[in-house]
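Subject: Structure handover

Hello,

Here is the structure for you to look over. My notes on it follow below.

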Amino acid sequence: MSFCSFFGGEVFQNHFEPGVYVCAKCGYELFSSRSKYAHSSPWPAFTETIHADSVAKRPEHNSPKALKVSCGRCGNGLGHEFLNDGPKPGQSRFIFSSSLKFIPRGKGTASQEP
């Protein structure tokens, strides 16, 4: 199930370097590379956010199993959360298009991985 068109060239689909994914618009920390996992969709998939307020969610009108997700700081549209569709039972899957920027570990975000 997908709500976004794929035009190719998704740079983070098979990207698994240590670091943090931030909002491409405002730079707010969204996801750790530790929560990213391989998935069959062409977009990167994550299981959890860095901060409780990293993202804001609202119901997707045409699917009760999906939520529209935006940056918790600036409201930039990020993608969707698919409920109970993660790598483990009961876990949700976040997928995003080009609204993310990757900061490698040690390059200056507050929540860098150990």
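Start with the open sheet: three strands in the order β2-β1-β9, with antiparallel pairing. Two strands count as paired if DSSP finds at least two bridges between them. The edge strands are β2 and β9, each of which pairs on one side only. From one strand to the next, the twist averages 30 degrees. For that angle, axes are lines fitted to C-alpha atoms (for helices, over the stretch in contact), and angles run from 0 to 180 degrees between N-to-C directions.

Before going further, note that this is a predicted model: local features need pLDDT of at least 70, side-chain atom pairs count only at pLDDT 80 or more, and totals for chains, interfaces and linings use all residues. Residues are numbered from 1 along each chain as its sequence is written, and side-chain values use heavy atoms, with hydrogens and water left out.

Overall picture

The protein has zero helices and nine strands. Read from the N terminus, the elements run β-β-β-β-β-β-β-β-β. Helices (H or I, at least four residues) and strands (E, at least two) are DSSP runs, numbered from the N terminus.

The protein has 114 residues, and 44% of them count as buried. Buried means under 20% relative accessible area, exposed means over 50%, and partly exposed lies in between (1.4 Å probe, protein chains only). The accessible surface comes to about 6,200 Å². Carbon and sulfur atoms hold 50% of that surface. Areas come from the Shrake-Rupley method with a 1.4 Å probe; for residues, only the protein chains shown count as cover.

Take the contacts with a separation of 6 or more: 49% of them are between residues 24 or more positions apart. Contact means heavy atoms within 4.5 Å.

Strands β1 and β9 run antiparallel and are joined by five bridges. Y21 stands opposite F102 in β9.

The structure holds three aromatic pairs. Rings of Phe, Tyr and Trp (its six-membered ring) pair if their centres lie within 6.5 Å; planes under 30 degrees apart count as stacked, over 60 as edge-to-face and the rest as tilted. Y21 and F46 make an edge-to-face pair, at 5.0 Å centre to centre and 70 degrees between the planes. Y21 lies in strand β1 (residues 19–23) and F46 in strand β4, so this pair ties together parts that are 25 residues apart in sequence. Y21 and F46 are both buried.

Y21 also pairs with F102, this time tilted: 4.9 Å centre to centre, 55 degrees between the planes. That pair links distant parts of the chain, with Y21 in β1 and F102 in β9 (residues 100–104), 81 residues apart. F102 is buried, as is Y21. One aromatic cluster takes in Y21, F31, F46 and F102.

Strands β5 and β6 (residues 63–71) run antiparallel, with six bridges between them. R58 has K68 in β6 as its bridge partner. The hairpin from β5 to β6 goes through two residues.

Strand β6 also runs antiparallel to β7 (residues 77–82), with five bridges. L67 has E81 in β7 as its bridge partner. The hairpin of β6 and β7 has five residues between the strands, and G75 there takes a positive phi near 85 degrees.

Two loop residues

First, S54. This residue lies in the loop between β4 (45–46) and β5 (55–60). S54 counts as buried because its relative accessibility is 0%. A polar atom of its side chain lies 2.9 Å from the backbone oxygen of E29. The S54 side chain also reaches the backbone nitrogen of H51, at 2.9 Å. A polar contact is a pair of N or O atoms within 3.5 Å; within protein, one must be able to donate a hydrogen and the other to accept it, and residues adjacent in sequence count only if both atoms are side-chain atoms. Leaving aside neighbours within four places in sequence, S54 is in contact with residues including Y28, L30, T49 and C71.

Then C26. This residue sits in the loop between β1 and β2 (29–32). C26 is partly exposed, with a relative accessible area of 29%. Not counting residues up to four places away in sequence, C26 touches C71, R73 and C74. The C-alpha atoms of C26 and C71 are separated by 8.6 Å, and the two residues are 45 apart along the chain.

Best wishes
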